[in-house]
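Please read them alongside the coordinates.

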Amino acid sequence: MPFLNDKHANAELITFADFAGGLNLARPPESIGEDEMQECVNFEFAPDTGLLRMRGGIMPVYTFSQSVTDIIPPAKDNLLLVKSGQRLYKLALADSSEGNHITDLGLVTGSKPVSYELWGDDGDMVMTFGARLHLYDGERVKAVTSENAPLEAEILSTRAGRVFVAENGSDAIRYSGVGDPERWIEDKDSDAVSIEVGYKDGRGVKAMAPIAGETIVFKCPDGQPEYGRIYRLQGDYPNWSIVPYSHGSAAWNHQAVASVSSDILFLTREGLANLGTVTEYGDFKLGWAGAKINPRMSKTLTADCCLRHLPAKSQVWVLDGKSPDVWCYHYEIGKGAWTILRFPGVVKTVCSSHGDVFLGIGNTVYRMSDDFTSDNGMPIAASLKTRTIVKRNQILVKAILARFMSTLTADAALEIDKYRMPLYFGGQGDRAFTDTDVAFLDDDPLVPADRVAMARARCNIRKWEITPEIVVRNGSFSMSSLVLEIAEV
């Protein structure tokens with residue numbers, strides 16, 4: 001095993017064994033944990049191994065004549081529904097972009113971000129773009145124009161065989177007839193019904209989300225989630241009730257809410273919050289899933305922000321609608337870990353379908369894949385910074401050992417101030433240094449050479465504070481661990 005040499009009595013090993021703490025922007029760089037980072041751009045955690053790796057690249061699938069605002073993934077078939085301008089298209093996906101097939105499904109009403117749900121057993125869908133409901137049956141899309149049908153349905157969901165909607169700024173939630181999203185006449189028990197949520201509280205319904213057999217309803221004035229209220233809609237008609245839950249916080253809009261396992265994540269003025277079940281009490285508890293990044297992220301949020309759940313990656317993305325940077329939440333890593341993904345344009349919408357991820361940037365739908373090592377031919381730059389190491393005296397860095405994986409084309413290096421240690425494909429062999437002038441003396445391979453490469457170097461870096469940084473300018477790269485031998489001088 002590696003051991004410290006005796007040239008400096010106060011020599012020690014600083015080990016960054018993993019990075020599962022993710023970004024921590026809420027504390028000073030020298031105060032964050034050894035598994036946390038003060039910068040992490042274009043890295044993500046692999047859902048199968050938890051290894052910190054560069055994100056996959058993107059390649060175009062189809063380019064439309066107008067901006068792509070919504071991508072909807074039907075449950076059946078290898079296709080996407082794409083809204084561009086005021087038209088909805090069916091995009092049938094092939095193995096290569098040349099084989100993709102586009103079908104124009106026609107005009108749809110409304111210019112708000114889509115709200116949709118699966119409906120029935122055949123992969124049908126019900127959706128709205130802030131105006132009338134639309135039904136998709138796998139071949140066609142049609143507007144619901146029946147008597148008393150909603151005209152400004154901004155949010156929809158399904159429950160107990162009914163479609164229910166909230167119209168813009170309204171206190172009421174309206175339910176369709178049982179099994180019939182086109183029936184909105186209130187006559188008998190199986191017909192349409194409605195319920196008031198927070199009547200005359202001066203707030204409109206902004207979002208709804210199911211959790212533990214209930215529906216959580218978020219209300220707030222336009223653009224003012226800090227004046228919001230949260231209600232619980234319990235039970236089903238006619239045995240239902242509205243229970244106030246909290247006030248002083250709500251979701252920005254219906255896109256700013258995502259259901260993940262037994263939690264509801266939502267974006268509010270302070271950043272990302274979560275509402276989770278507390279099993280032992282049979283109740284809910286409000287928390288802050290974005291505590292480590294909220295002070296920074298909250299400054300970027302407006303009424304256009306949204307959350308997107310990507311089950312294929314075990315991630316939730318925060319899109320602010322104006323920046324190429326995406327806040328990426330890895331909910332299965334540790335207690336939840338954050339990184340930043342930076343793209344060549346503003347990501348307006350994203351979804352996962354059949355294990356793939358699709359993004360809308362400008363007029364184009366892109367596919368994101370770990371098999372792509374560039375963004376449509378443009379190199380992907382990535383960087384990460386660990387916590388800053390500070391001691392009472394100057395710090396001497398005597399030796400470095402890095403464990404990583406990379407491709408032949410990768411241009412990666414460990415940088416400390418002006419010192420640069422290249423991280424080459426294959427490393428420098430599979431055994432640690434045997435020179436007694438460095439900290440590592442080991443005759444056994446740390447890991448098989450075909451899995452993780454190692455780079456190690458003797459150095460003589462003297463600084464009052466040390467911040468190791470991994471910089472990648474091209475190629476594909478994954479970081480496993482980092483060890484520094486340091487001494488106070």
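1. The protein chain contains one helix and 43 strands; helices (H or I, at least four residues) and strands (E, at least two) are DSSP runs, numbered from the N terminus. This is a predicted model, in which local features need pLDDT of at least 70 and side-chain atom pairs count only at pLDDT 80 or more, while totals for chains, interfaces and linings use all residues. Residues are numbered from 1 along each chain as its sequence is written, and side-chain values use heavy atoms, with hydrogens and water left out.

2. Along the principal axes, the C-alpha atoms of the protein chain fill a box of roughly 90 × 55 × 35 Å. Of its 489 residues, 53% count as buried, where buried means under 20% relative accessible area, exposed over 50%, and partly exposed in between (1.4 Å probe, protein chains only). Take the contacts (heavy atoms within 4.5 Å) between residues at least 6 apart in sequence: 57% of them join residues at least 24 apart.

3. The largest nonpolar core has 59 residues, and Leu267, Phe477 and Leu484 touch the most other members. A nonpolar core here is a set of buried Ala, Val, Leu, Ile, Met, Phe, Trp, Tyr and Cys residues joined through side-chain atoms within 4.5 Å. A second, separate core has 16 residues, including Ile58, Cys306, Phe343 and Val350. Not counting residues up to four places away in sequence, leucine 267 touches Ala250, Ala251, Trp252, Ala256, Leu272, Met297, Leu301, Cys305, Cys306, Leu307 and Val318.

4. The largest pocket has a volume of about 930 Å³. The search uses a 1 Å grid over the protein atoms alone; a pocket is an open set of points where a 1.4 Å probe fits, with protein on both sides within 12 Å along at least five of seven lines, and lining residues have an atom within 4 Å of a point. Grid points are joined across faces, edges and corners, and a volume is the space filled by probe spheres set on the points. There are 34 lining residues in the largest pocket, and Tyr116, Glu117, Val257, Ser259 and His309 lie nearest its centre.

5. Which strands supply the lining of the largest pocket? At least two residues each come from β8 (68-72), β12 (115-119), β16 (153-159), β20 (204-211), β24 (257-260), β28 (306-310) and β32 (347-353). The largest share, five residues, is that of β32. By class, this lining has 20 nonpolar, 11 polar and three charged residues. Ala, Val, Leu, Ile, Met, Phe, Trp, Tyr, Cys and Pro count as nonpolar, Asp, Glu, Lys and Arg as charged, and the others, Gly among them, as polar.

6. The second largest pocket, of about 510 Å³, is lined by 24 residues, with Lys112, Pro113, Gln255, Ala303 and Asp304 nearest its centre. Its lining takes at least two residues from each of β8, β16, β28 and β32. The classes here are seven nonpolar, eight polar and nine charged residues.

7. Zero disulfides are found in a search of the whole structure, a disulfide being a pair of cysteine sulfur atoms within 2.5 Å. Cysteine 40 is in none, and its nearest cysteine sulfur, that of cysteine 328, is 9.4 Å away. Cysteine 40 is buried at 1% relative accessibility, and cysteine 328 is buried at 0%.

8. Methionine 421 lies in strand β40 (residues 419-422) and is buried, with 3% relative accessibility. Leaving aside neighbours within four places in sequence, methionine 421 contacts Ile400, Ala402, Ala413, Leu414, Ala455, Arg456 and Ala457. Its C-alpha is 8.9 Å from that of isoleucine 400, 21 residues away in sequence.

9. Leucine 93 sits in the loop between β10 (87-92) and β11 (101-107), yet is buried at 11% relative accessible area.

10. Most residues other than glycine have a negative phi, and most peptide bonds are trans. Tyrosine 237 and proline 238 are joined by a cis peptide bond, with omega about 0°; proline 238 is in the loop between β22 (229-236) and β23 (239-247). Alanine 160 has a positive phi of about 55° and is exposed at 52% relative accessibility. Asparagine 376 also has a positive phi, near 55°, and is partly exposed at 43%.
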